[in-house]
Structure formats: structure tokens, C-alpha cells
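Subject: Handing over a structure, with notes on what was found

Hello,

I am passing on the structure below, together with some notes that I hope you will read with the model open beside you. Please take the notes slowly, and check each one against the picture as you go.

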Amino acid sequence: MSAPATGRTVLVTGGSSGLGAAVVAAVAAAGGRPLVLDRQAPADGVPWAECDLADTRSAEAATRELAGRVGGLDAVVTAAGIDVPGRLADVPGATWDRIVAVDLLATAAVIRAALPFLTESRGTVVTVASTLGIKAVSDATAYCAAKFGVVGFTRALAAELAGTVGVTLLIPGGMRTAFFDERDPQYRPGADAILNDPADTAAAIMFALSQPAGCAIREMVVCADQETSYP
């Protein structure tokens, strides 16, 4: 397939905001059919299932239900992600666990549930890691653990699914989204921070989805060219 999403059904986790919403908009603009798993409703008219991705068994069930409702899937983009920065001793255990569950375990759970549909369509998976999945920093043990995990998971998955489902690892830098809004002030980007437009990162995802069967973009790093989190 050479068209990015024309006629294709693309499931996006976290598709109601941030990068996920940008991907939903890009898929729709390309003539595809976006679907969303999220705790909040996406843009009007986008089919979705309400789901707390930290509950991985519920995430699997919601993926199967939504895919079955629309008659299959051509791609999955795991854009959902959360973080609560802080020192390990200061972040409550339940919060730490939730970050890893949403960012890593739900990524695997949704893809696991989607695999029968993706195998049938010879579809594509795009996982979303982070520059903090290849570069560790202080006060981000949960987020780094999860995103390093996404990197390893995706590389192993690409080897496992070679020849059946396309797999792309996206490593994005910081973006201008609400991701940072609820953080303590010391963990928010400064006024002079150089962040990427999520629409530009979504365009890179669309490029990965545009590859014909048998050709995979294995990994992409996408960030503002003066982004300090990479390398």
C-alpha cells in the first residue's frame, strides 16, 4: 500500500489528546478510519471505547470489541502515555506502577489483542517510546523503565512478527501538548523550551504506515532539531 491511510482502519491508544489526537486527525485527513481507546471521548464522530489502559485485561477486551465492531484493523498506534516525575522514594508505589502499566504493559496488551486482526490484514504496529527510552535521567525511574521497556519490547516484536506484521518503533522528543501540564513546576519545560509540533510527529507515523507490505520502517527518532533530550 502506498497511500498513508486511505481506506485503512487504525486503532490509536490515547487518541483523545496530545500525539494520539494528532494521529487521529492525520488518519482521518488521509481518508482512513481512526479508532480510539481512551478514558475520554475523542473528536466527534470517531468510534471509540472507553478504557483505563492501566487495566491491561480490560485493554485487551476493549481492543477486541472495537476491532470486531468495525470489522478488523489495519494498524495500531500505541500513543497513550503518562508520567509523574519525582524521586523514587517520593513517588507513591501505586503511581509508579500505573505509569509502567499504561506506558509499557498496555502497549503489549493492546497489540496482543490486535494481532489476529493485524495478521489477517498484514497490518502495521507503531509503538511510541521516548527519547527517555534510550537516555536515562534523574527523577524519571518509572517513565524510563517503561519507555526503555517499550524499546526492547518493540525490537523483540519486530523479530517475532517479521514477514507477517510490520513493526515500527517511534522515539519522539518532547512535544507541545498537555503532557506536562499537571506536573510540579520544576518538571515542566521552561518558556524557552524547544518542543516539536505533535502534528509533525504524527506525519512521521503516517510515513511508517504508508510502507507497502514487506517493507518496514524499523525505528525513527523524531524531535525538534534543537531538542536537548536527544542524544
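The notes below begin with how to read the model and then go through the sheet, the helices and a few single residues.

This is a predicted model, in which local features need pLDDT of at least 70 and side-chain atom pairs count only at pLDDT 80 or more, while totals for chains, interfaces and linings use all residues. Residues are numbered from 1 along each chain as its sequence is written, and side-chain values use heavy atoms, with hydrogens and water left out.

**The sheet**

Helices (H or I, at least four residues) and strands (E, at least two) are DSSP runs, numbered from the N terminus. Seven strands form an open sheet with parallel pairing, and their order is β3-β2-β1-β4-β5-β6-β7; two strands are said to pair if DSSP finds at least two bridges between them. At the edges are β3 (48-50) and β7 (219-222), each of which pairs on one side only. Direction ignored, neighbouring strands of this sheet are turned by 15° against each other on average, where axes are lines fitted to C-alpha atoms, for helices over the stretch in contact, and angles run from 0 to 180 degrees between N-to-C directions.

The pairings can be followed strand by strand. β1 and β2 pair in the parallel sense over five bridges, and Val10 has Pro34 of β2 as its bridge partner. Five bridges also join β5 (residues 124-128) to β6 (residues 166-172), which run parallel, and here Val128 stands opposite Leu170 in β6. β6 is in turn joined to β7 by four bridges, again in parallel, with Leu170 opposite Met220 in β7.

In β2, five of the six residues are buried, so the strand is mostly covered; buried means under 20% relative accessible area, exposed means over 50%, and partly exposed lies in between (1.4 Å probe, protein chains only). In a regular strand the side chains alternate between the two faces of the sheet. β7 has a covered face with Met220 and Val222, and an uncovered one with Glu219 and Val221.

**The helices**

How do α3 and α4 lie relative to each other, and at what angle do their axes cross? The axes of α3 (residues 93-121) and α4 (residues 141-161) come within 7 Å and cross at roughly 15°, and the two helices are therefore roughly parallel to each other; angles under 35 degrees count as roughly parallel, over 145 as roughly antiparallel, 65 to 115 as roughly perpendicular and the rest as oblique. The residues that make this contact (heavy atoms within 4.5 Å) include Trp96, Ile99 and Leu104 of α3 and Tyr143, Val150 and Phe153 of α4. By class, the contact of α3 with α4 has 15 nonpolar, three polar and two charged residues, where Ala, Val, Leu, Ile, Met, Phe, Trp, Tyr, Cys and Pro count as nonpolar, Asp, Glu, Lys and Arg as charged, and the others, Gly among them, as polar.

Both helices also lie across strands of the sheet. α3 lies across β1 (9-13), β2 (33-38), β4 (75-78) and β5, running at about 175° to β4, whereas α4 lies across β5, β6 and β7, running at about 160° to β6.

The axes of α1 (residues 18-29) and α5 come within 8 Å and cross at roughly 55°, and α1 and α5 are therefore oblique to each other. Among the residues in this contact are Leu19 and Val23 of α1, and Thr201 and Ile205 of α5.

**Single residues**

Not counting residues up to four places away in sequence, Ala224 touches Ile194, Leu195 and Asn196.

Best wishes
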